[in-house]
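Have a look at the fold and then read on.

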Amino acid sequence: MTTDSAPIPSVLGLAPVIPVVVIDDAADAVPLARALVAGGLPAVEVTLRTPAALDAIRAIAAEVPDAVVGAGTVLDSDAVTASAAAGARFLVSPGTTDQLLAATVASGLPYLPGVSTVSEAMGLLERGVTEMKFFPAEASGGIAYLKSLGSPLPRARFCPTGGITVESAPRYLALPNVGCVGGTWMLPKAALAAKDWATVEKLAGEAAALGNR
């Protein structure tokens with residue numbers, strides 16, 4: 001796993017599970033990231049859904065050297081620029097557009113563009129993109145849908161995200177075209193509100209172990 005400042009060859013190879021983190025208070029970013037890393041999940045996707053997100057990315061990048069922090073919910077070129085400046089080492093978006101794809105390519109950062117249809121995946125393959133986020137995974141057909149893409153789109157590999165649980169994650173990870181999954185189950189709201197980082201670390205450890213099944 002890549003946990004220093006070296007370039008990331010593949011987002012899908014960082015860990016079996018990428019925590020999808022929504023941070024309301026930037027002060028929680030460092031202890032949260034440390035708990036996830038201690039549990040065995042070094043890749044941390046901080047979604048750009050809150051005003052604190054960029055400060056959180058900046059803090060994790062500066063203070064948690066074993067974490068590989070990325071920016072999620074990247075929607076436009078401004079978000080690409082801001083995320084890179086804050087120290088994000090990979091980018092994730094729920095979907096993609098030509099303009100967004102151009103901006104992410106120009107940034108030089110690894111990028112997981114979101115897809116939910118065969119045509120979207122084919123369009124990215126035409127552009128040389130083989131690693132994608134499948135979102136929203138459960139609502140878009142889940143395991144059966146991804147399994148059906150394996151034969152017609154053998155070059156495409158996915159990080160399914162959206163509605164995935166600790167119970168369903170192993171079934172996704174068993175698919176040959178799935179490199180990792182994204183999820184939030186290791187970040188229960190009650191634990192985050194209580195700043196119960198020990199619980200986060202424990203659940204992260206259980207999630208990390210899914211890759212060994």
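A residue counts as exposed when its relative accessible area is over 50%, as buried when that area is under 20%, and as partly exposed in between. Keep in mind that this is a predicted model.

**A loop residue to begin with**

With those cut-offs in hand, let us turn to D24. Its relative accessibility is 67%, so D24 counts as exposed. D24 sits in the loop that links β1 (17–21) to α1. Leaving aside residues up to four places away in sequence, D24 touches T50 and A52. A79 is 55 residues away from D24 along the chain, and the C-alpha atoms of the two are separated by 18 Å.

**Two helix pairs**

Two packed helices are described by the angle between their axes and the distance between the axes.

| Helix pair | Angle between axes | Axis distance |
|---|---|---|
| α1 (29–39) and α2 (53–63) | about 55° | 9 Å |
| α2 and α3 | roughly 30° | within 8 Å |

The angle of about 55° between α1 and α2 makes this pair oblique. Their crossing is right-handed. On the α1 side the contact is made by A29, V30, A33 and R34, and on the α2 side by A56, A59, I60 and E63. Sorted by class, this contact has six nonpolar residues, two charged residues and no polar ones.

How does α2 run relative to α3, roughly parallel or roughly antiparallel? The axes of α2 and α3 cross at roughly 30°, and that makes α2 roughly parallel to α3. Here α2 contributes L54, I57, R58 and A61 to the contact, while α3 contributes A82, S83 and A86. By class, the contact of α2 with α3 divides into five nonpolar residues, one polar and one charged.

**Cysteines without a bond**

How many disulfides does a search of the whole structure find? The count is zero.

Most residues other than glycine have a negative phi, and most peptide bonds are trans. The following spots are worth a look with that in mind.

The peptide bond from F135 to P136 is cis, with omega near -10°. P136 belongs to the loop between β7 (131–134) and α6 (142–149).

T73 is not a glycine, yet its phi is positive, at about 55°. You will find T73 in the loop between β3 (68–72) and α3 (77–86).

K195, also not a glycine, has a positive phi of about 55°. K195 lies in the loop between α8 (189–193) and α9 (197–208). With a relative accessible area of 42%, K195 is partly exposed.

Conventions: Residues numbered from 1 in each chain as written. Predicted model: local features only at pLDDT ≥ 70, side-chain atom pairs only at ≥ 80, totals over all residues. Heavy atoms only, no water. Disulfide = S-S within 2.5 Å. Axes fitted to C-alpha atoms, helices over the stretch in contact; angles between N-to-C directions. Helix = DSSP H or I, 4+ residues; strand = E, 2+ residues; numbered from the N terminus. Parallel < 35°, antiparallel > 145°, perpendicular 65-115°, else oblique. Left-handed = near helix turned anticlockwise from the far one by under 90°. Contact = heavy atoms within 4.5 Å. Nonpolar A, V, L, I, M, F, W, Y, C, P; charged D, E, K, R; others polar. Buried < 20%, exposed > 50% of the residue type's maximum accessible area, 1.4 Å probe, protein only.
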